[in-house]
Amino acid sequence: MATSRRTQVITGMNTRLSYAHVWEPVSVNGGAEKYSVSVLIPKDDKETIEAVEKAIDAAIEEGISKFGGKKPNKAAIKIPLRDGDIERDDEAYKNHYFLNANSTSAPQIVDKAVKPILDRGEVYSGCYARVSLNFYAFNSNGNRGIACGLGNIQKIKDGEPLGGRPTAADDFSSVEDEDFLE
């Protein structure tokens with residue numbers, strides 16, 4: 001699928017990753033395996049939010065054939081940009097909009113200097129990153145709307161890991177080595 005510049009968005013610097021499955025694809029509810037991430041956009045990042053809204057509008061225009069040749073009312077179709085204060089009971093989503101992006105192909109993952117990141121521990125749920133997104137229309141099994149494709153990821157900075165998983169340092173104290181030759 002060709003990406004239209006009108007339907008593509010590069011998020012701002014304060015975007016945060018959640019439910020980041022960017023290194024290995026996963027199956028959700030028995031569906032096809034995909035790379036995916038929930039992208040948290042601060043509500044005060046007006047530039048990114050406006051760009052997402054314009055890209056969604058462009059995807060509706062470009063996808064009119066998917067909607068029977070008529071432009072649908074936005075309220076009548078699924079839209080990927082959602083309000084974290086309303087739809088999630090999670091501190092990380094407070095004061096954020098979010099959208100779920102996925103792809104069947106792996107995203108390229110780079111650092112601030114656009115050098116590939118090879119250490120899988122560097123990009124995780126909670127870090128801050130810019131994400132390239134592509135919006136497109138769908139009409140499948142009675143579900144109609146705009147979906148969000150995952151492009152590439154540029155890590156900007158570390159953040160508090162999300163998901164509540166403790167680190168090894170939280171779980172263990174150091175153990176003195178015993179001389180095994182004794």
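Reader: Buried means under 20% relative accessible area, exposed over 50%, partly exposed in between (1.4 Å probe, protein chains only). Where does lysine 74 fall?

Author: Lysine 74 is partly exposed, because its relative accessible area is 35%. This is a predicted model: local features need pLDDT of at least 70, side-chain atom pairs count only at pLDDT 80 or more, and totals for chains, interfaces and linings use all residues. Residues are numbered from 1 along each chain as its sequence is written, and side-chain values use heavy atoms, without hydrogens or water.

Reader: Which residue meets lysine 74 in a salt bridge?

Author: Aspartate 57, at 2.7 Å, N to O. A salt bridge here is a side-chain nitrogen of Lys or Arg within 4 Å of a carboxyl oxygen of Asp or Glu. Aspartate 57 sits in helix H1, lysine 74 in the loop between H1 and strand S4 (82–83), 17 residues apart. Helices (H or I, at least four residues) and strands (E, at least two) are DSSP runs, numbered from the N terminus.

Reader: How many salt bridges in the whole structure?

Author: The search finds 11. One of them joins lysine 71 and glutamate 61 at 2.9 Å, N to O. Lysine 71 counts as exposed, because its relative accessibility is 54%.

Reader: New topic. Which residues of H1 are buried?

Author: Thr48, Ile49, Val52, Ala55, Ile56, Ala58, Ala59 and Ile60.

Reader: And which residues touch the most other members of the largest nonpolar core?

Author: Leu99, Phe135, Ile146 and Ile153, out of 32 residues. H1 supplies the largest share, 6 residues. Such a core is a set of buried Ala, Val, Leu, Ile, Met, Phe, Trp, Tyr and Cys residues joined through side-chain atoms within 4.5 Å.
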